[in-house]
Amino acid sequence: MPGSLGHLTGRFFDVLFSRPLTGREISAVARWLRPDEADLFFAQADADQRHGYHAALVVVAAGGEGATVVRAALLHDVGKRHSRLGVIGRSLASVLIGLRVPLTSRMRAYRDHGEIGASELAAVGCEDLVVDFAREHHGARPPSIDRETWELLQRADQPPKTGSMAGG
């Protein structure tokens, strides 16, 4: 997990300046997700909702292959909410993960958010693509996800270049 310095820096500012989704954005998310998936999505912090929404927009703009890929983009970080870490805690956790030092239970939950989220998504019946991307999005491409879809979802997971995550 920790990701590149550029990715971490971008995510730090995304989280710091993020705003809640607008009513229009909430309606779009609700149309893309089934009710049980929406419950998981909207249980996330505002910054993680905005990040998932941005990722979904990247997939849609690129002509992603259907609703399953959009849902994978929206839901890939749902496990982060279990860590209950703010922007400073997430930053510290990322540094400590990179240093491979002992972590608090909340920092371990942050580190393991992919596996935690994948388990939740599987429990509500999500497709393998959604579950596998949540589990592996910080790792190597699993054989269950084709290269083109993986590359699209990886691009979608990057911080925006324009500061559009602040929303409003």
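A word on terms: a residue counts as buried when its relative accessible area is under 20%, and as exposed when it is over 50%. Keep in mind that this is a predicted model.

So, how many aromatic pairs does a search of the whole structure find? It finds 3. I'll go through two of them.

Take W32 and Y53. Their ring centres are 6.2 Å apart and the planes sit at 35°, so this pair is tilted. It links distant parts of the chain: W32 is in helix α2, residues 23–32, and Y53 is in helix α4, residues 46–61. The two are 21 residues apart. W32 is partly exposed, at 25% relative accessible area. Y53 is buried, at 5%.

Next, F133 and W150. Here the centres are 5.6 Å apart and the planes are at 80°, so we call the pair edge-to-face. F133 belongs to helix α9, residues 128–136, and W150 to helix α10, residues 147–156, so the pair ties together parts 17 residues apart in sequence. F133 has a relative accessible area of 0%, so it is buried. W150 comes in at 9%; that is under the 20% cut-off, so W150 is buried too.

Now helix α3, residues 35–42. Which of its residues are buried? E37, A38, L40 and F41. They cover an arc of only 160° around the axis, so they lie on the same side of α3. The face turned away from that buried side carries exposed P35 and D39. And what covers the buried residues? The cover includes α2, α4, α5 (67–75) and α8 (113–123).

Methods:
Residues are numbered from 1 along each chain as its sequence is written. This is a predicted model: local features need pLDDT of at least 70, side-chain atom pairs count only at pLDDT 80 or more; totals for chains, interfaces and linings use all residues. Side-chain values use heavy atoms; hydrogens and water are left out. Rings of Phe, Tyr and Trp (its six-membered ring) pair if their centres lie within 6.5 Å; planes under 30 degrees apart count as stacked, over 60 as edge-to-face and the rest as tilted. Helices (H or I, at least four residues) and strands (E, at least two) are DSSP runs, numbered from the N terminus. Buried means under 20% relative accessible area, exposed over 50%, partly exposed in between (1.4 Å probe, protein chains only). The arc is that of the directions from the helix axis to the C-beta atoms. Contact means heavy atoms within 4.5 Å.
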